[in-house]
Structure formats: C-alpha cells, structure tokens
Amino acid sequence: SVEEEEEADENDSEEENEKIIQLTQSQLTSIKMTLLQSVCNSLIQEPQFHKNDNLVRNNILSLIKSIAINGGDPEFIFKVALYCRHDLGIRSTTNFILAVASTIPQCGPYLSKYYHRCIQLPSDWVDTATYASIIRKENKVSQGIEQNDNSVRVHRTLPTCLRKVMKEKFTSFDAYQLSKYDNEKSIKNKIKKKRESFEESKDENDDLLKALQELIIHDDDDDD
C-alpha cells in the first residue's frame with residue numbers, strides 16, 4: 001500500500017538523519033567541483049551505471065549523497081542533472097543522477113520541478129525508473145533487509161515521489177514518441193538488451209516490465 005511505501009521512505013529518512021555530518025562550505029564546494037568534473041568526464045567515457053561495482057558510478061552516487069545530505073544543498077543535484085541533459089546532452093548520466101536523487105528524502109521537494117525538464121523521451125522515463133529500482137534495492141541490502149521475493153511488484157520499490165512524477169510526465173509524451181515505446185514488444189526488447197549487463201534474473205526483469213506497464217496503463221487506486 002501507499003502507507004507502507006511512505007513508511008519505508010520515512011524509515012530511510014530517519015536512518016539517513018542519524019548519520020548526517022555537516023560539511024564545511026569549503027568541503028561542499030570541493031565536492032561540488034568533483035561531481036561536475038565526474039559528470040563532464042562521463043561525456044568521454046560513460047560509467048556502467050547499472051553495475052554496483054563500477055567505481056566511477058559509485059563515486060558519483062557518493063558525491064550526490066554528500067552534497068544533498070551532508071552539504072544541505074539538494075537542489076544543486078538537480079541543477080547538475082539539468083546541465084548534464086541540456087548542455088552536455090548526456091542522457092544516461094542525467095537519468096542516473098535523477099534516480100539517485102529520487103531515493104534521497106532531502107531531494108524529494110525538488111524532484112517535480114526538475115524531472116519534467118530533464119526527462120525528454122520515454123526511454124529516459126524507463127531508464128530512470130530502472131536505475132532507481134536498482135539503487136533502492138542496494139540501499140535495502142546495505143541496511144540488512146532481505147529482498148529475495150522476485151514476485152513483488154517492482155514499481156513498489158520505487159520512491160513514492162518518483163512514481164508520482166512519472167505518472168505526470170507520461171501524459172506529456174506525444175504520439176510519435178509513444179509509438180516507439182507504447183507496445184509490449186518494444187519495452188520487452190529494451191529490457192532484454194539490458195538483461196546481461198544488469199545481471200538480474202529473468203523473473204526480476206519481467207517484474208520490472210510488468211510494473212512499468214501497470215504504471216503506464218493504470219492510475220493506482222491507492223494514490224490520491
């Protein structure tokens with residue numbers, strides 16, 4: 001239910017708050033510069049954002065959390081995402097940044113403002129959800145929470161704030177854009193291409209496919 005999802009989000013927030021160590025202004029500035037450099041470097045060599053053992057990917061994730069949580073400047077993360085998408089034209093890095101931000105409670109209030117400006121294609125929409133699902137699962141595993149039931153609807157592992165903006169954004173895609181992504185075959189082919197690199201089980205990818213289809217087609221009764 002939505003209540004359970006929101007409770008899980010609140011638990012994530014409480015655990016994050018317990019670990020917060022505030023950065024000095026000079027430390028924050030240094031970390032911001034490092035993030036910008038890492039994002040620009042991805043224009044030359046794109047990190048494998050789906051692999052949790054990729055050092056560059058994990059460094060970007062860590063920098064984002066430090067700025068948003070320890071630095072107290074969550075909106076900066078979205079400004080970087082917007083710059084990355086519109087000025088650098090790097091879709092995958094933008095999608096990853098948004099996915100990470102959506103799992104950080106401090107970033108929640110800014111997601112709607114920037115998500116719609118950064119997500120321009122249905123494929124961006126799908127990729128952001130995919131990354132967020134992976135990151136959220138990694139967070140749960142790091143907290144010692146077992147997630148062995150692949151039958152769970154995957155979209156329920158997405159942050160509530162992300163699911164809401166995804167529903168809103170979907171209505172803005174035009175007929176031409178949706179014609180390439182709105183049928184089951186095209187979405188299956190997209191996820192099939194990622195199966196090997198994601199190193200996920202067939203059941204888990206199928207759950208993601210079904211979840212995204214449900215999110216597209218149905219307006220969940222439990223969302224106000």
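Let me begin with a definition: a residue is called buried when its relative accessible area is under 20%, exposed when that area is over 50%, and partly exposed in between, using a 1.4 Å probe and protein chains only. With that term in hand, I turn to the model itself.

This is a predicted model, in which local features need a pLDDT of at least 70, side-chain atom pairs count only at pLDDT 80 or more, and totals for chains, interfaces and linings use all residues. Residues are numbered from 1 along each chain as its sequence is written, and side-chain values use heavy atoms, with hydrogens and water left out.

I begin with confidence. The pLDDT is the predictor's confidence in each residue, on a scale from 0 to 100. For this protein the mean pLDDT is 77, and 66% of the residues reach 70 or more. Over residues 14–18 the value is below 50, and this stretch has three contacts in the model beyond near neighbours in sequence; a contact means heavy atoms within 4.5 Å. Residues 219–224 also stay under 50 in pLDDT, and for them the model has 11 contacts beyond four places in sequence. Where pLDDT is low, the predicted coordinates should not be read in detail.

Next, the overall build. The secondary structure comes to 11 helices and zero strands. Helices (H or I, at least four residues) and strands (E, at least two) are DSSP runs, numbered from the N terminus. Of the 224 residues in the protein, 47% are buried. Among contacts with a separation of 6 or more, 78% are between residues 24 or more positions apart.

Let us now look at helix H5, residues 91–102. How many of its 12 residues are buried? The count is 11 of the 12, so H5 is largely enclosed by the rest of the structure. Among these buried residues are Asn-95, Phe-96, Ile-97 and Leu-98. Their cover includes H2, H3, H4, H6, H7 and helix H8, residues 160–170. The expected span of a helix is 1.5 Å times one less than its number of residues. For H5 this gives 16 Å, and the end C-alpha atoms are 16 Å apart, which agrees.

Helix H2, residues 25–41, has 17 residues and reaches 24 Å from its first C-alpha to its last, close to the 24 Å expected. Its buried residues are Leu-28, Ile-31, Lys-32, Leu-35, Ser-38 and Val-39. Seen down the axis of H2, they fall within an arc of 125 degrees, so they line one face of the helix; the arc is that of the directions from the helix axis to the C-beta atoms. An α-helix has 3.6 residues a turn, so residues three or four places apart point the same way. On the other side of H2, Ser-26 and Met-33 are exposed. The buried residues of H2 pack against helix H3 (55–70), H4 and H5.

One of those buried residues, Lys-32, lies over the face of Phe-76, at 4.7 Å from the ring centre. Such a charge sits over a ring if NZ of Lys or CZ of Arg is within 6 Å of the ring centre and within 35 degrees of the ring normal.

Ser-42 counts as buried, at 4% relative accessibility. Leaving aside residues up to four places away in sequence, Ser-42 touches Pro-47, Ile-90 and Thr-93.

Helix H6 buries Leu-111, Tyr-114, Tyr-115 and Cys-118. These residues cover an arc of only 120 degrees around the axis, which puts them on the same side of H6. They pack against H4, H5, H7 and H8.

Finally, the aromatic rings. Rings of Phe, Tyr and Trp (its six-membered ring) pair if their centres lie within 6.5 Å; planes under 30 degrees apart count as stacked, over 60 as edge-to-face and the rest as tilted. The structure holds seven such pairs. Phe-78 and Tyr-114 have ring centres 5.6 Å apart and planes at 20 degrees, so the pair is stacked. This pair links helix H4 (residues 74–88) to helix H6 (residues 108–118), its members being 36 residues apart. Phe-78 is buried at 1% relative accessible area, and Tyr-114 is buried at 4%.

The rings of Phe-96 and Tyr-131 have their centres 5.9 Å apart and their planes at 80 degrees, so this pair is edge-to-face. Here Phe-96 in H5 is linked to Tyr-131 in helix H7 (residues 122–142), 35 residues away. Both Phe-96 and Tyr-131 are buried, and together with Phe-49 they form one aromatic cluster.
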